[in-house]
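Dear colleague,

Please find below the structure I promised to hand over, with its sequence. My notes on what was found in it follow directly after.

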2 protein chains.
Amino acid sequence: MGARASLLTLPRVADHRGTLTFGEAGAHLPFVPQRVFVIRDVPPGVTRGGHAHHRVHEVLVAAAGRLTVTVDDGTTPVSYTLDRPATALYLPPLLWRWESDFSADAVLVVMASTRFDPDDYITDRDEYLRLVRAR
Amino acid sequence: MGARASLLTLPRVADHRGTLTFGEAGAHLPFVPQRVFVIRDVPPGVTRGGHAHHRVHEVLVAAAGRLTVTVDDGTTPVSYTLDRPATALYLPPLLWRWESDFSADAVLVVMASTRFDPDDYITDRDEYLRLVRAR
């Protein structure tokens, strides 16, 4: 088995001007983000993801709204509800995951440890299971 | 005068599963983010910011909703409306800025080129003007 998913608690400053939630590389984030992406406007009932990564580490944050991330390491799927910026989900490599139950206002921010590389994606479930079971 | 603010257009992929907007260090972002923060829940009428940075570069993105960023280089203030993830505002150092007109659903994501350093903030307007006029 590879490393496991874990929830990170990010510092949050709230005052009369609103809220500010932050993550710093090396302090709260386990890597320096080389790529940041924003997913939104996901229609009701849509599931995204359905892949794993060979080498990429990711941190997922619900910057607005609510969504569910399900992580399956090849044995037991575990679901995480993300519904606030201060609760981030860290996914090391070799975890199969998908995102579902996006609320209409959901905004998912993902920080990734590398630039985009299509060869890093494992999109075949059987190949994934062979890889994790061989470890 | 220092460098100027500029709008960046980030790549956006839209399909039946929603939209994905991304920025990569070295390709779309002028630096590697060492700190990412999310500002939201800003009450109506509130203005945030009112400072400049000695060394920190920032990229600002409205991940949801709408807000206005006003940048003042010591001569002429310029206002930018951010209302979609694909339009990001790059702020090199030594630009005085403030954020206003947050819509109720606004989510501002900021990527910064360094970890937090309170000594990097210039919060005195007269000191700022002295610095930029001395350049």
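Between them, chain A and chain B bury about 3100 Å², of which 51% lies on carbon and sulfur atoms. Please bear in mind throughout that this is a predicted model. The size of an interface is often given in this way, as the accessible area lost when the parts come together. Chain A brings 35 residues to the contact, and chain B brings 35 residues.

As to the polar side of this interface, 18 residue pairs are in polar contact across it, both residues of each pair being at pLDDT 80 or more. On the side of chain A that touches chain B, at least two residues each come from β3 (18–24), β4 (35–40), β6 (58–64) and β11 (107–112) of chain A. The most is given by β3(A), with seven residues. By residue type, that side of chain A divides into 20 nonpolar, seven polar and eight charged residues.

Four salt bridges are found across the interface of chain A and chain B. In one of the salt bridges of the model, the side chains of B:Arg35 and A:Glu24 meet at 3.8 Å, N to O.

β4(A) runs antiparallel to strand β3 (residues 18–24) of chain B, and six bridges join them. Within β3(B), B:Gly23 is the bridge partner of A:Val36. Strands of a sheet pair through backbone hydrogen bonds, either parallel or antiparallel.

Turning to chain B, there is an open sheet of five strands in the order β8-β7-β10-β5-β12, with antiparallel pairing. Which strands stand at its edges? They are β8 and β12 (121–122) of chain B; each has a single partner strand, so one side of each is left without a neighbour in the sheet.

Strand β7 (residues 67–72) of chain B pairs with strand β8 (residues 77–82) of chain B over six antiparallel bridges. These two strands, β7(B) and β8(B), form a hairpin with four residues between them, and B:Gly74 in the turn has a positive phi of about 105 degrees. B:Thr68 has B:Thr81 as its bridge partner in β8(B), and B:Thr68 also stands opposite B:Ser100 in β10(B). The pairing of β7(B) with β10(B) is antiparallel and spans five bridges.

Two residues of strand β10 of chain B may be of interest. B:Ser100, which lies in this strand, counts as buried because its relative accessibility is 11%, under the 20% limit. Leaving aside neighbours within four places in sequence, B:Ser100 is in contact with B:Val46, B:Thr47, B:Leu67 and B:Thr68. B:Trp96 is also found in strand β10 of chain B and counts as buried, at 7% relative accessibility. Not counting residues up to four places away in sequence, B:Trp96 touches a set of residues including B:Gly50, B:His51, B:Thr70, B:Ile122 and B:Tyr128. B:Trp96 and B:Thr68 are 28 residues apart in sequence and 14 Å apart in space, C-alpha to C-alpha.

A search of the whole structure gives 18 salt bridges over all chains. Side chains of opposite charge can pair when their charged atoms come close.

- A:Arg125 and A:Asp72 meet at 2.7 Å, N to O. This pair links distant parts of the chain, with A:Arg125 in helix α1 (residues 125–134) of chain A and A:Asp72 in strand β7 (residues 67–72) of chain A, 53 residues apart. A:Arg125 is partly exposed at 27%, whereas A:Asp72 is buried at 7% relative accessibility.
- B:Glu58 and B:Arg97 have their closest N and O atoms 2.8 Å apart. They lie 39 residues apart, in strand β6 (residues 58–64) and strand β10 of chain B respectively, and both are buried.
- A:Asp15 and A:Arg17 meet at 3.0 Å, N to O. A:Asp15 is partly exposed at 34% relative accessibility, and A:Arg17 is partly exposed at 27%.

Finally, a point on backbone geometry. A:Asp101 has a phi near 55 degrees, a positive value in a residue other than glycine. A:Asp101 is placed in the loop between β10 (96–100) and β11 of chain A and is exposed, with a relative accessible area of 52%. In chain B, the phi of B:Asp101 is likewise positive, near 55 degrees.

With kind regards

Note on methods:
Residues are numbered from 1 along each chain as its sequence is written. Chains are lettered from A and ligands numbered from 1 in the order in which they are written. This is a predicted model: local features need pLDDT of at least 70, side-chain atom pairs count only at pLDDT 80 or more; totals for chains, interfaces and linings use all residues. Side-chain values use heavy atoms; hydrogens and water are left out. Contact means heavy atoms within 4.5 Å. Buried area is the accessible area (1.4 Å probe) that two parts lose on being put together, summed over both. A polar contact is a pair of N or O atoms within 3.5 Å; within protein, one must be able to donate a hydrogen and the other to accept it, and residues adjacent in sequence count only if both atoms are side-chain atoms. Ala, Val, Leu, Ile, Met, Phe, Trp, Tyr, Cys and Pro count as nonpolar, Asp, Glu, Lys and Arg as charged, and the others, Gly among them, as polar. Two strands pair if DSSP finds at least two bridges between them. Buried means under 20% relative accessible area, exposed over 50%, partly exposed in between (1.4 Å probe, protein chains only).
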